[in-house]
Amino acid sequence: MNRRDFLQLAAAGAAGATLPWAAQAQSNNWPATVIRLIVPFPPGGGTDTVSRLVAEKLTLSKKWQLIVDNRPGAAGNIGLDQTAKAKPDGYTLAMAQTSNMAINPALYPKMLFDPLKDLKPIVQVCAQPVILVVRKESPFKTLADFIAAAKKEPGKYTMAQAGMGTVGHLAGEMLTREAGIDVMQVPYKGAGPGMNDLMGGQVDTYFGSAASVMPQLQAGAVRGLATTSAKRLTALPDLPTVAEQGYKDFEATTWLGLVGPDELPDDIVKQVNAAVVEVMSSKEVQERLEAEGNEPNAGTPDAFAALIRNEYDKWGKLIREANIKIS
């Protein structure tokens, strides 16, 4: 080996030896600049509202600089794809949710990213169920009333949702299968049109997010038959769950949680997780979330990863069995 080759090898070895130290030093100094929090939906929606609350509280409690960056499109797929492909340095995180992590992979023929391989779970933030409602003039007073009528006259009744492949749509599919009833699923382009047609009598029932139906529920304009959460909502303590009305373990929620690129360093994951858990323990934050029908639920990264895996399998199985496709 000549002197030039020896020097090249020595330089390469020295660089390789310093890379782990440099990466560790970088993560030890984190965050040294602004953190971008990608929200894969437009401003003003439920995911955006929760994201801005979390960003605001982290800024106040940790003095971190966070900016919310709305990147909507393809039911949340575009924003999470940008997160998956971002540099794993802790400066690009995203607020993921049920649709783009657990439903879209089975619903769309082609995904830009693999939610189980390309993104690292950091912490769940909260979960929000959907609520089955009828207009106040409806003869159905309970879930049992509706199911009995649907069994008596198969195919007569309609069930609206905010869109194809939403948690409301899949909750409706799951309920009809478990109850053994035949109703027509009517997907709308958003919560507003579905609720309007329910109020106008064009559809019989509506499976909507808690946030979208709570104002009408609290005003007495519609009647709630059941919530799809595992337990009753703090904001609606008199509304029974589907599970307690004879359908054991029935649960369908839109959960939200922070994720980052798959190679995000574990020490940054731990820092973000601990900070969000601390924020979510605040009574003020809990009350703000609960008032909109959310249930705060911050835990460990492993717990969030297990939830994503379970929901990915659960919704994928239902979508394939029901042959649900995006038209």
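Begin between the domains: domain 1 (35-127 + 254-322) and domain 2 (129-245), bounds taken from an automatic or database domain assignment, both contribute to the lining of the second largest pocket, so this pocket lies between them. The model is predicted, with local features needing pLDDT of at least 70 and side-chain atom pairs pLDDT 80 or more, while totals for chains, interfaces and linings use all residues. Numbering runs from 1 along each chain as its sequence is written, and side-chain values use heavy atoms, without hydrogens and water.

Select Ala-127, Ala-230, Glu-251, Thr-253 and Asn-297, which lie nearest the centre of the second largest pocket among its 18 lining residues. Strand E4 supplies the largest share of that lining, four residues.

Next, select Gln-124 in E4 (residues 119-135). Gln-124 counts as buried because its relative accessibility is 10% (buried is under 20% relative accessible area, 1.4 Å probe, protein chains only). Beyond four places in sequence, its contacts (heavy atoms within 4.5 Å) include Trp-255, Asn-297 and Phe-304.

Nine of its ten residues are buried, so H4 is largely enclosed by the rest of the structure. Elements covering the buried residues include helix H3 (77-84), E4 and helix H11 (301-322).

Note on methods: Helices (H or I, at least four residues) and strands (E, at least two) are DSSP runs, numbered from the N terminus. Buried means under 20% relative accessible area, exposed over 50%, partly exposed in between (1.4 Å probe, protein chains only). On a 1 Å grid over the protein atoms alone, a cavity is a set of points where a 1.4 Å probe fits but cannot get out, and a pocket is an open set with protein on both sides within 12 Å along at least five of seven lines; lining residues have an atom within 4 Å of a point.
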